[in-house]
Amino acid sequence: MSKVALIAGATGLVGSHLVDILLKSPEYTKVISFVRRDSGVKHEKLDERIISFDGMKLLPHEEIDDVFCCLGTTIKKAKTKHAFKKVDYEYPIQLGKLGKAHGARQYLVISSIGASPESPFFYSKVKGNLEKELKELHYPSLHIFRPSLLLGERQEFRLGEKAGEIFSRAVRPVMVGRLKRYRSIPGKQVAYGMYRAAIGTFSEEVTIHESEQIQAF
């Protein structure tokens, strides 16, 4: 099998691991990566493109098999709710439309635990609305990943998340039963889960991968 992957968010915690996995995989012969800055990764299969996400595009003749969306920010980093929504809602939808226009049959996206259009929390509501809009793109196969707090080293330091990570590591062993779904999860594990879902048995439906299910990949 010789598949072409399109990934956005390749310099982030999950995305950086996912690119590494895709480049090592015999399933993919080419990985097109949309980034804002040079990742420093060099590989014969990697086609890294530094772009403005407001103007995502591919060459007219390019065909894509699988689209991976690892885009995400925080309101603190984005500065405003509007800027946050652009990264976590508008760009993933644009990416989905672009991929489908170029023949992609699978779209795999990172959402969040608790995502719901009816959520009283802004972050979870944005993620829920994203899921709703992506379903309406009618991809042959849509995989939505809802991880809990992500663990791992990021390129940029986030004090709040680092504090949360330290706490979550400490309480993780006692989070069992119904609390298991809220356990923190390594970003590398989410990346591997996305890869396994992409190369697994093709399922023509929407598949929701909750955090505890991602840990089982």
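Student: Which residue is the bridge partner of L6 in β4?

Tutor: The bridge partner of L6 in β4 is V67. Please note that this is a predicted model, in which local features need pLDDT of at least 70, side-chain atom pairs count only at pLDDT 80 or more, and totals for chains, interfaces and linings use all residues. Residues are numbered from 1 along each chain as its sequence is written, and side-chain values use heavy atoms, with hydrogens and water left out.

Student: In what sense do β1 and β4 pair, and over how many bridges?

Tutor: Two strands pair if DSSP finds at least two bridges between them. Strand β1 (residues 3–8) and strand β4 (residues 66–69) are joined in the parallel sense by four bridges. Strands (E, at least two residues) and helices (H or I, at least four) are DSSP runs, numbered from the N terminus.

Student: In what order do the seven strands form the open sheet?

Tutor: The order is β3-β2-β1-β4-β5-β6-β9, with parallel pairing. At the edges stand β3 (46–50) and β9 (206–210), each of which pairs on one side only. From one strand to the next, the twist averages 15°.

Student: Which strands does helix α3 lie across?

Tutor: Angles run from 0 to 180 degrees between N-to-C directions, along axes fitted to C-alpha atoms, for helices over the stretch in contact (heavy atoms within 4.5 Å). Helix α3 (residues 81–101) lies across β1, β2 (28–35), β4 and β5 (106–110), at about 170° to β4. Helix α4 (residues 122–135) lies across β5, β6 (141–146) and β9, at about 170° to β6.

Student: How many aromatic pairs does the structure hold?

Tutor: A pair of aromatic rings is described by the distance of the centres and the angle of the planes. Rings of Phe, Tyr and Trp (its six-membered ring) pair if their centres lie within 6.5 Å; planes under 30 degrees apart count as stacked, over 60 as edge-to-face and the rest as tilted. The structure holds six such pairs. In one of them, the centres of Y28 and F68 are 6.3 Å apart and the planes stand at 65°, so the pair is edge-to-face. Y28 belongs to strand β2 and F68 to strand β4, 40 residues apart.

Student: Is Y28 buried or exposed?

Tutor: Buried means under 20% relative accessible area, exposed over 50%, and partly exposed in between (1.4 Å probe, protein chains only). Y28 is buried because its relative accessibility is 1%, and F68 is buried at 0%.
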